[in-house]
Every structure is written in C-alpha cells, then in structure tokens.
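Biologist: Walk me through this model one feature at a time. Give me the general idea, then the case.

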Amino acid sequence: MKLDRRDFLFLGGGAVGGAAMGRISLKGIGLLNEALASEPLSDPGEEKFASSICRSCSGGCGLRVRTVGGKVVKVDGNPLYPVNRGGVCPRAQALPQWLYHPDRILSPQRRDKAADKWQTASWDNSLHTLAGAMQKIPAADRKNRLVVVSGRGPGVAQRLLSRLLTAYGTDTVYTLPTGLESAHQALGFMAGSAKDGGATRMAYNLENSRCVLNFGCDLLEGWGTPSHTHWLFGRWRDSSRSGRRTTLIHFGPRFSVTAARADEWVSLKTGAWAAAALGLAYVLISEDLYNKEFVENCTSGFEDWTDSGGQRHIGFKTLVREEYRLSRVAELTGIPSETLVRVAREFVNSPGGVAIGPQQSPSQPGSLSDALAVHSLNALAGNVGARGGVALLPDNGWRLPEDPEQIKTSGSLEEILRAVAQRPDVLILDEASWLLDMMNSEQRESLSRIPLVVTSASMADSTTAVANLVLPDCTPLESWSEGQAPESYPFELLSVSEPVLEPRGESRPWGETLLALARSLDPAVAARLPWKDFSEALKAAAVPLATRQDGYVFGSEVDEQWERLLERSGWWNPDWKSGDEFWKGIRDKGGWWNPLSWPAEPQRTFPTPSGRFEFYPQRLAALSPDKASAGRERDRSVLPRHVELALVGDAREFPLLLDPYEPLSFYGSGARAIPYLQQICSPYGAGRGWLSWVEISGEDARRLGIRNDDTIWVESAKGKIRRRAIVIDGAMPGVVGGPLGGPPTTGLWATVEPPLADILAPNTDPVLGIRSSAVTRVKLYKA
Amino acid sequence: MARWGMVIDLDKCTACQACVVACQTENNVAFMKPSEAQMGRSIYWIKLTAFQEGKYPESKTRFLPLPCQHCDNPPCIKVCPVDATNITPDGIVRQIFARCIGCRYCTTACPYTVRYFNWYKPDWPEPMTEAQNHDVSMRPKGVVEKCTLCHHRLQKARETAIAEKRPLAPGEYIPACVESCPPKAMFFGDLEDPNSEVSKLSRSPRAFRLLEELGTKPKVIYLSEVERSGSNVS
C-alpha cells in the first residue's frame, strides 16, 4: 500500500484517538513515519575534486569543485590560489545553480525581430549569419558599424577578440568599467605611466596597510576582487598575527555594509570627497605631519614654483592652506573639524597609511578632481609606490604571441552609449547585461533599431531580451578558463584551468566561438587566429612565459613565505626548465605568480615630465579644458580641488539624494536569476529578494510616514519608479541608497519593473569624458 | 568523545553571506518562489541577522551570522513528542527529518528561532536537481529542518578514519559554512580538547554566547568586536 504523508498524518490523527486506549503513542507515529520515508537515493557515483577559475566577476578567484558522478555539487575556494586562499564569495558558491539553471540557453537561437519567438538554429548557420552581416559592412565603415561590448575580464579570450577585431577592421572594444578609471588616470597624471609606454594597472598593497582611509569604495560589497578584499579584511583584524590591527575609516554619505563594518564611519555630504581629502591635507600641512622627506625630494608642485617661462604658480600647500581651512571644509563636507584633525593624525601615526577612492564603483568611478585629491593624501603620507600604499604596475596580463597593441579598449559608459546610439549594423553583447542596467528604458528601446544584436548570454537575461541572435556561452566550469591579476591586486599572476565537465547541451565556450567566427569570416582573419581550439591558444600564450626569470608555480601559503625568504636573500629557484614544463606546471597547480612583484624599495623617481610625483600634473595641465584662464585660476583648475556636484532638479522639490550602488549579489550584473543569491541580496533586508528596493534613513522614514517594506514611489526630474523601502536607523538622513540589479527581467522567475536608470541623471567628468557620478535628486512618497 | 563547537569572530565577519550560500548548496536547502520569499519564508540554516542599535549619528549596526547554537541543554529536544530531534554524544543537536511529524513545538521552543518548517513541497526545477548533494537527505513538506553542523561530513570523515585505523584528525571534519568563509572569521573543532583552536578562542575575553542567561549552554561561541588600534590618538 502506498501512503503519502497526508494520508499518514490522517491515520496518525486516528491513532491519537486510539492512543487513549493506550496502544499507540506519538513516538510510535514518529518511528512509523521514519519507516515510511522515501528510500535513500541510489549510488550517485564517484566523488572527484577539480580546480577551476570563477568568472562571476572580473576578479577570477580560484575554485575547488566537488563533482559526484560527473555532476557539480559544490564549489569552494582553492586554497592554493593566491588571490582568495580558500575562501570564496557567495557568487562563486552559487555557481552550481548557474550551471544547472532552467533558464540556461543550450543551443544557438535566432529570430528576426526582438518581439518574435526564438527559433533554435545550428552553430554553423548562426555563425554564418553573424559573419555574413559583418562582411556586408564596407571595409571603410567597419570602425563604426560593428560595436562590441564585453564585460569579460581581461585574458586570452579578450585577446582573441581584440585580434579578430583588428584583423576585421575595427579599432575599439568596449568593456565594463572597472570603477578604477578615474583613480587610475589621476595616478597616471600625478605619478606617470610606465616608462616604456606600456599599459599599467593601479594596485594597492593593502595587506601591509595599517590605516586605510576609504573614500566611498564599497570594499565589502564588490570592490576589486571580492574574495580577496574579504580575505584582507580578515587579515587586518587578525589578532593572532604580529603587529597592530589595521584601522579602516570609511568616508561616505551612504550607510553601506563597509560603513557599518569599518572602525569608524565618517558621514559626509554627497560629492564632497575632495573637500574631505583636502581638509585632511590641511591638517597634515598645518601640523607639519606630512612625510617631509618624500615630499621635498620626490614631489613637485607642493611649494609655489616658477615655470620655464618665468610664470609664477601657486603650490598645493598654498592652495590647501588658503582655501581648505577646517571651518570651510566642515561647511563643505559636514564633517566636524575635530574629526578631521583626529583622523589626519591617525593616518600618519604609523607607516602604511593609504587613501583609496573616490567610490571606484563601475556605475560611479568618481571624478578626476576627487581622485587627484585622494592621491595627494597618499603623496603626503609618502606611500606612492611604497609598502602598504598605491602604485602603478606594468600590466603583464595574458598575451598571445606577436600581439599587436592596436586595439583600444574603452571602459567609458558614455562612449559605449554614444557608439550604440549611432545605430551600428551589428552589436555584439558579450557578458554585457550590466550595460542594460545602466540604460534607461528609452535607450533600451533604441536597441531594437539595430539590425543584428548578438549576445553570448549563457542564460536568459536582459541582453537576450533585446537580441536577435544568441551564441550561448557556458559557465566557467564547462570550459578552459584563464585568470590574471585583477585590477587593484598587488602581484603579477596568470592562471589556467581545465574544464570540469563538458558544456551542457550545445552551449560553447566564448573562446571557441571566436575561433569559429574567425574561420567563417575570411582567410585573412582566420590566419591571424590559427589555433585549433581555445586550449591551444592558451598554451600558445603560456609557453613563451617560460623564459621569465621570476615567479613561481602556485603553492601553499607556507611555500609563499619560503619563496619570499629565499628571494630576499638573493635566491630564485625556477619551477620549470622548458616551455612544456612550464605549461604542465601551471596546468597541474593552477597558475604562475610572482609574490615579490610589489616594489621592494619605495619608489623615488616617477616617469612624469619632472621625474617626480606631481601635485600639479603637467600632462593634465596640457589637457585641461580651462586653457583660456591664466595665473591662479588656471593653477586652481589643475591642482586637486573641490568641485560642487552638478545635480538636476530643484532641491526644494526633490530634497533627497539617491546614491546608486552595486550590492555584492549583483555586482557587475548577471547572476540575477540565481535563487540563492536573490535570497541574500541585502544584508539589511531580512533576505527577501526578487524585488528591487531603496534604503532610507530612519529619520526620513518617520518624517515621510514610510515604514519598512512599504511600497513607495521614487521620483526624480527624469521620472518615477516603484520600489520596496528598507528603513535603516543608522543611515544618514537625506541620502537614499539605490541598488542596481534586482530581479531577473526574463526567464522562469521574471519580474517586470522599470530600471533604476530610468530616474538617474548621471554626471560626466569634463576631462576624462567618463561617467563620474550618478547621484540624483529625488523625492519619496508612499505608493 | 569530542564536543563539537564553532567560534564566529564578529570582528572579522564582512557580512558577505558566503556561509549562507555554502550551507544551502551543501545541504540541499530548498529555495522559495519569489512570492513566498518576499513573505520572508526562505529557509536559512545559517542566517545573517542585522541588529541596529541607536539612531544616526550615534548608531551602530551589528551583523551576526546565526546558525543553530547546538546547545548542551537544548530546549527544542525536550518538547519533541517523537524524538525527531535529540543530542548526539558528541554534542550535535540533530534532526531526524524522516521521523518529524511537523508539530512545530521545537520551532516555538527554540529561543534562537533557527528552526524552519517546510510549508511547501520543495520545488527544484529541472535540471537544478543535478546539483543536489547525495550525502544529505531531502526534506519533504511538513517537516522541520535546521543546521546539523554538516553531520554527514562527520560521518564520512569518521568512516575514513575507521577504515584507515586511526583517530579522526583535527580539521578533517569542518562544516561547509566554516570552510567557505572568505575572511576566515569562522572556526570549528573540539571544545573538549583544551588545545584546539576553538577551545582557546572560547576562553578569550571577547567570547560570549547568545542568550546565555537562559541556561541553554550554546556551543556556538561569538567573539565580540575589538576596539580599534590607535584610537588613543587625539
């Protein structure tokens, strides 16, 4: 007889009645219940562990994947991988749900218009369609008529794309902003780019920092490589390690998780980053606390100076002393003078103070003037290119043999939107659902006028909603993956991993798709990408690296300490003797890295026109849009300075400021349809998920009569959207936190809601031409 | 006999919730449909809770990862009419899903509210079932579930140790949450062994247990946040 639980409980009810007669007890029911429970599952198969590299964000953490009977059942951090050393963020933990998601696209899909139904197509046919559309564009127009936007982190796949596009005749690849654009460029102006003119990346040596002044970066949400930053946070607070605990002081208007977890949260007025940094500089200068040795010997533009034409210029010191007195800074920032004095003293109290920021989020990388002000604090502390500080390092990422450096990569959102608005003939969106998040409904609508929109989405997402051809990629677990030192990571690193399992259905790794596309385009393009498959291209990129005279194949933390010790005494013992041995080594152990690639000695000279760190960046002065002005005004426009945030709308009508940010679950977009990530999307929100929200302060909520979980209207001069309210008592009144991302808009669990971008009024940095801030004036009321 | 316990360093916790997702994937924790999740019905064997103290600007928000506390004196087991929850000799408060009749006395008795009732039949759309962990049994509608300290991992580690004729080594058995923690804020081991890391940490002046005054004697021990260095600069 087959009993289900309901029948059984019904019987149980009868049995309780019967229990009065003393025959059956509740305990007996429990035992009977157990006996009737379903049989344990049959033998699931052999258990194996494999390593892989995550691609949920551009950080690329090392993974240890548990498979049972060929199915992935658990993903954890790879303890040998130097970036994350065993721990791994929830995005990677949720990879099995991405791999086996019901919304996965398992074969190429085609349709004529975005409104039509999808038709399954063959790979040959689909590639033929794309190659045909690309070839139809006359050679002279190829620069503008094909637009490629990719959110993939740098690596061999990106190199293949660049090579293909160069051979085809395009000159730009648009990439996801890293968020470090402004800070990187500001440091480039002040501390100079690489001597050989090669590409650089900006990195922080946070492991050795002892006091971190964080100007608005969401360190504990998605900044940098999340697992690495979280690992660092644990190290900063590890009482068992010798030395003192690292202090984290967070400046920012929004009460982020980082603000809550910092040692001190200094709330300040929105957009007043530079004023706060220069207020701290004022204290350091007026109390003589700055690193005089570094400032006198290694910087220029600090004191007043005379140029070669005999023109007098004001120095950073004069500017700060005259214009950023504490009373004025307190007014601009809302930070009490005492706090500025106390924090400035703590910052230089011991070596290893570093200032990071401003913001450095892909949606708001901060403005150049703010970034210059933050870096000037690093110069005053003497930690540019020093232990625990910030530096520009050569970008020694993956390269293919004989790689031309002709392609331009642009992480400027404004440039992408402009390129897309020109209605190219073909638009290729590769891991680019973040772009749709940044577009308002009107901009999304305009995509329907592009004849061919191609996406590489592995799962139904916002790009498949606008596309008419899908060339489905697979998860990193199903393909060869490569990693390299992410932006902000202090050491050089290159890694590879083999597929853990075969791609599901007919989904195909993007690297293979690019190689196949090159073959379908024309022989000239195919000749530039001669590799049979992606692993061969990877090997071709790896083998030449064996000639390196530095670094090691990955090992444990103990190996790392030993290697550092040896190398400090002048020893380097290579782990390989030939190219093939190197390839085998990195395949077996996961990669190569150089734990000593951070400058051993503090940097004393800088590749700038003056050979010093420039408070008055001469290269910037040459670019400055304010060329007409002269004298003091002109100097002020080049030196770090506070610039009032330009906001759209009337402050009386829209009294609150909406500050958009990216929560860890949705950082860099993607991952929206993954249930486990939806259920943790806000640490403040009692884990609800599947609905976008805004965070408002307890004081504002009481004043407006809004309660937790209420549905409210968020209205700006641009429009209005409905959101769920999360009330945070500790948040600063006047500021509204607005997460990007939210529920999936397509697929099994789709929820249709207007994007946050519909009400945003973003600002563009006048010098860099990139989006610097998206803070917008809003008002809130109950729906 | 070991006495398994966990230490969570609140000073190092980044509120990232990697532990939450690690636990859910390891233990086949069912997820809710969007409409149910919004009603707060999602199941978390370990859950990040936020405590807000005071109002801006004199405010503090504390994040606390909250698993079953595995009390030495658990109130939940005393009320179970069918012995579906009990305490093992090595101190794990276990839940025998198949024996549970869904009366929910235990969810009411638990002062930490870490026991969850399955209101619905778990809905795993194909092919998400492929990622299920065969070491952990699935829970049907109508039973209570909670953290088991990844008891299946202990069973496995113990079987291996017995097969190899040796005692269980420290670190051989670790729950999924502890293993995943990116800032390494979670520790796990034998509280009976005075030299184990968890024992040492549990004697720290920062150590405290939740609702100790109830006499539940939890074996999850928290380390309070630390005063910052250099705060004497003025």
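Modeller: Start with a hairpin: through two residues, it joins strand 28 of chain A to strand 29 of chain A. Residues are numbered from 1 along each chain as its sequence is written, while chains are lettered from A and ligands numbered from 1 in the order in which they are written. The model is predicted, so local features need pLDDT of at least 70 and side-chain atom pairs count only at pLDDT 80 or more, but totals for chains, interfaces and linings use all residues.

Biologist: How many bridges pair strand 28 of chain A with strand 29 of chain A?

Modeller: Terms first. Helices (H or I, at least four residues) and strands (E, at least two) are DSSP runs, numbered from the N terminus. Two strands pair if DSSP finds at least two bridges between them. Here, strand 28 (residues 711-716) and strand 29 (residues 719-728) of chain A pair in the antiparallel sense over six bridges. Strand 28 of chain A also pairs with strand 33 (residues 776-782) of chain A, again antiparallel, over four bridges. Follow A:Glu715 across both pairings. It stands opposite A:Lys720 in strand 29 of chain A. In strand 33 of chain A, its bridge partner is A:Lys779.

Biologist: Which residues of strand 28 of chain A lie on the covered face, and which on the uncovered one?

Modeller: In a regular strand the side chains alternate between the two faces of the sheet. The covered face holds A:Ile712, A:Val714 and A:Ser716. A:Thr711, A:Trp713 and A:Glu715 make up the uncovered face.

Biologist: In what order do the strands of the open sheet in chain A run?

Modeller: Four strands form it, in the order 21-22-24-23, with antiparallel pairing. Strand 21 (481-484) and strand 23 of chain A are at the edges with a single partner strand each, so one side of each is left without a neighbour in the sheet. Strand 24 (residues 591-594) is joined to strand 22 (residues 492-497) of chain A by four bridges. Two bridges join it to strand 23 (residues 552-553) of chain A. A:Trp593 shows both pairings. A:Leu493 stands opposite it, and it is the bridge partner of A:Tyr552. A:Val553 has A:Trp592 as its partner.

Biologist: Now a helix. How many residues of helix 8 of chain A are buried?

Modeller: A residue is buried if 20 or more other C-beta atoms, placed from the backbone, lie within 10 Å of its own; 12 or fewer makes it exposed, and in between it is partly exposed. Helix 8 (residues 181-191) of chain A has ten of its eleven residues buried. Among them are A:His184, A:Leu187 and A:Phe189. The buried residues pack against several elements of chain A, including strand 8 (200-204), helix 16 (368-380) and helix 26 (618-623). Just after the helix, A:Gly192 takes a positive phi of about 80°.

Biologist: Why does A:Thr225 count as buried?

Modeller: A:Thr225 counts as buried because it has 26 C-beta neighbours inside 10 Å. Its place is in the loop between strand 9 (211-215) and helix 9 (226-236) of chain A. Contact means C-beta atoms, placed from the backbone, within 7 Å. Beyond four places in sequence, A:Thr225 is in contact with A:Gly59, A:Cys61, A:Val83, A:Pro486 and A:Tyr489. Its C-alpha atom is 7.5 Å from that of A:Gly60, 165 residues apart along the chain.

Biologist: What are the overall dimensions of chain A?

Modeller: Along its principal axes the C-alpha trace spans about 100 × 70 × 60 Å. The radius of gyration is taken over C-alpha atoms, and the globule rule is 2.2 Å times the number of residues to the power 0.38. For 783 residues a compact globule would come near 28 Å, and chain A has 28 Å, which agrees. Buried residues make up 56% of the chain. Chain A has 29 helices and 33 strands.

Notes. Two residues are in contact if their C-beta atoms, placed from the backbone, lie within 7 Å.
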